[in-house]
Amino acid sequence: MAEGEILDMAATSLGVPAAPRHVALIMDGNGRWAAARGLPRFEGHRRGVEALRRAVRAAIDLEISYLTVYSFSAENWSRPREEVQSLLGLLHRFIRNDLAELHANNVRVRVIGARDDLAPEIADLLKEAEQVTEANTGLTLVVAFNYGARQEIAAAARALAQMVAEGRLSPQEIDADAISAQLDTADIPDPDVIIRTSGEQRLSNFLLWQAAYAEFVFLPILWPDFDRAAMVAALEEYAHRERRFGRVEAPRSAKTAS
Ligand code: IPE
Ligand code: IPE
Ligand code: MG
């Protein structure tokens, strides 16, 4: 049976979710992949970029609307300087080399994470990727770079406090929607499933607010080994979960959508 049919079958049986609209990936395990082969960590990151290309291709093929990838956390700056430099260099090269192909594939690139303190060349590159692909209508590739969920929520709180201080908002108006609207992900639906490779079972400051009702799939493989088959396996696991959102049975839309 084709993998698409397996997902569709799972989606139409009672209580299990339809194919996910938004998949988020914690791309972890590059260092361990390299160490296991006696290679420098950089080589693991380099092979990690190849796995990222496979993930984007799979997401396009599987008609996923949003793919968010955790590429560099706010806490990753505390790694050794050379490793940080090599990760920045890879991001730079990924955008330089792959932007044209992403654009040709109708991919819209969005970036989440703090931009204020980035070197201008990195900030300009991220802006360019977003601007060039702004009108695309296929997969939205959300790149989480210099991203930390606690920092994102704190920034939202600051923005709301500023509005209150200026008399543009009353404290009673601050509800979950008001906070969501101030996050970097304001116009992006919450992730349906968060997949983490490397066997670690934690969020590491990724999408803490948005993950309220996400399903988690933890894969034992290391990120450089990620491929389409791993993505399909994770989505099949997701398709067997029952999402209830606090209700007593799965919502109708999740039962009937295909
Ligand atoms: C993920 O791999 C890449 C980033 C966090 C940027 P790691 O570099 O964390 O690899 P491990 O977890 O040390 O194996
Ligand atoms: C999370 O991985 C960040 C990215 C994948 C970019 P880490 O390797 O930084 O997370 P911890 O330190 O193991 O929690
Ligand atoms: Mg790691």
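I began with ligand 1 and found 13 residues around it, of which Asp28, Gly31, Arg32, Arg41 and Arg79 come nearest. I note here that the model is a predicted one.

*Ligand 1, backbone contacts.* I looked up which backbone atoms approach the oxygen atoms of ligand 1. A backbone N or O atom of Gly31 is 2.9 Å from an oxygen atom of the ligand. For Asn30 I read 3.1 Å, again from a backbone N or O atom to an oxygen atom of ligand 1. For Gly29 the corresponding backbone distance is 3.3 Å.

*Ligand 2, surroundings.* I listed the residues that surround ligand 2: Ile26, Met27, Asp28, Tyr70, Ser71, Phe72, Asn76, Arg79, Arg196, Arg202 and Ser204. Asp28 and Arg79 had already turned up among the residues that come nearest to ligand 1, and I find them in the list for ligand 2.

*Ligand 2, side-chain contacts.* I then checked side chains against the oxygen atoms of ligand 2. The side chain of Ser204 has an N or O atom 2.6 Å from an oxygen atom of the ligand. Arg202 places a polar side-chain atom 2.8 Å from an oxygen atom of ligand 2. For Asn76, the distance from a side-chain N or O atom to an oxygen atom of ligand 2 is 3.0 Å.

*Helices H3 and H4.* I turned to helix H3, residues 41-61, and helix H4, residues 81-104; they pack at about 25° with axes 10 Å apart. From H3, the contact uses Arg41, Phe42, His45, Arg46, Val49, Leu52, Arg53 and Val56, and from H4 it uses Glu83, Ser86, Leu87, Leu90, Phe94, Asp98 and Leu102. I sorted this contact by class into eight nonpolar, two polar and five charged residues. Arg41, listed here on the H3 side, was also noted among the residues nearest to ligand 1.

*Helices H4 and H5.* I next took H4 with helix H5, residues 120-132, and read an angle of about 15° and an axis separation of 11 Å. On H4 I found Leu88, Leu91, His92, Ile95, Arg96, Leu99 and His103; they meet Glu121, Ile122, Leu125, Leu126, Glu128, Ala129 and Val132 of H5. By class I have nine nonpolar, two polar and three charged residues in the contact of H4 with H5.

Definitions and conventions: Residues numbered from 1 in each chain as written. Chains lettered and ligands numbered in written order. Predicted model: local features only at pLDDT ≥ 70, side-chain atom pairs only at ≥ 80, totals over all residues. Heavy atoms only, no water. Axes fitted to C-alpha atoms, helices over the stretch in contact; angles between N-to-C directions. Helix = DSSP H or I, 4+ residues; strand = E, 2+ residues; numbered from the N terminus. Contact = heavy atoms within 4.5 Å. Nonpolar A, V, L, I, M, F, W, Y, C, P; charged D, E, K, R; others polar. Near = heavy atom within 4 Å. Polar contact = N/O pair within 3.5 Å; in protein donor to acceptor, adjacent residues only side chain to side chain.
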